[in-house]
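Here is a short briefing on one protein model. Look at the sequence and the structure, then read the points below.

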Amino acid sequence: MRKTDGQIRKIRQEEQKVVIEMKKAAKSGDQFAVKTLAKHVLHARKSVKQPLTGKTRMNSISMQLQHQAATLKAVGVMNKSTEIMAGMNALMNIGDMREAMM
């Protein structure tokens, strides 16, 4: 994740540098340089999308794994509860309980 954030930060810094150069070229009236630099800016913005998409997918997978772990933990607790209830039922005698209530 940190590498991805670092890559995105570097690309955005380069984009800012290119935008500054593009503004300088526009002031000097160099249209060819402005067009070329604009293409570099577009390419940089497209390049940022790829690591962001990967980061999003990794976060999604991480959340799914956490959800599955929580589900497995809940299943374990339910199984343990079932075992305890079965033990309690084995200890109870319905006939004795009926006599005690009457």
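Where does Leu91 lie? Leu91 lies in helix 2. Helices here are DSSP runs of H or I with at least four residues, strands are runs of E with at least two, and both are numbered from the N terminus. This is a predicted model: local features need pLDDT of at least 70, side-chain atom pairs count only at pLDDT 80 or more, and totals for chains, interfaces and linings use all residues. Residues are numbered from 1 along each chain as its sequence is written, and side-chain values use heavy atoms, with hydrogens and water left out.

**Confidence**
- pLDDT is the predictor's confidence in each residue, from 0 to 100.
- The protein has a mean pLDDT of 88, and 100% of its residues reach 70 or more.
- Confidence is highest in helix 2, at a mean of 91, and lowest in helix 3 (residues 94-101), at 76.

**Overall form**
- The protein has three helices and zero strands.
- From the N terminus, the order is α-α-α.
- The C-alpha trace spans about 105 × 25 × 15 Å along its principal axes.
- The radius of gyration is 32 Å, while a compact globule of 102 residues would have one near 13 Å.
- That radius is taken over C-alpha atoms, and the globule rule is 2.2 Å times the number of residues to the power 0.38.

**Buried and exposed**
- Buried means under 20% relative accessible area, exposed means over 50%, and partly exposed is in between (1.4 Å probe, protein chains only).
- Of the 102 residues in the protein, 14% are buried.
- Gly6 sits in helix 1 and is buried, with a relative accessible area of 17%.
- Gly6 and Ser47 are 41 residues apart in sequence, and their C-alpha atoms are 13 Å apart in space.

**Nonpolar core**
- A nonpolar core is a set of buried Ala, Val, Leu, Ile, Met, Phe, Trp, Tyr and Cys residues joined through side-chain atoms within 4.5 Å.
- The largest one has seven residues: Val18, Met22, Ala25, Ala33, Val34, Leu37 and Val41.
- Helix 1 (2-28) and helix 2 (31-91) each give two or more residues to this core.
- Helix 2 supplies the largest share, four residues.

**Salt bridges**
- A salt bridge is a side-chain nitrogen of Lys or Arg within 4 Å of a carboxyl oxygen of Asp or Glu.
- The whole structure holds three salt bridges.
- Asp5 and Lys55 form one, at 2.7 Å from N to O.
- Asp5 is in helix 1 and Lys55 in helix 2, so this pair ties together parts 50 residues apart in sequence.
- Glu15 pairs with Arg45, and their closest N and O atoms are 2.6 Å apart.
- Glu15 is buried at 14% relative accessibility, whereas Arg45 is partly exposed at 46%.
- Glu14 and Lys17 form a salt bridge with closest N and O atoms 3.7 Å apart.
- Glu14 and Lys17 are separated by about one helical turn, because they are three residues apart in helix 1.

**Nonpolar surface patch**
- Ile84, Met88, Leu91, Met92 and Met97 make a nonpolar surface patch of about 530 Å².
- Such a patch takes residues with over 30% relative accessible area and no salt bridge, and joins nonpolar side chains (Val, Leu, Ile, Met, Phe, Trp, Tyr) within 5 Å.
- Helix 2 gives the most to this patch, with three residues.
- Leu91 is exposed, with a relative accessible area of 72%.

Conventions:
Patch = residues over 30% accessible without salt bridge, like charges linked within 9 Å, V, L, I, M, F, W, Y side chains within 5 Å. Areas by Shrake-Rupley, 256 points an atom, 1.4 Å probe, with all protein chains shown as cover.
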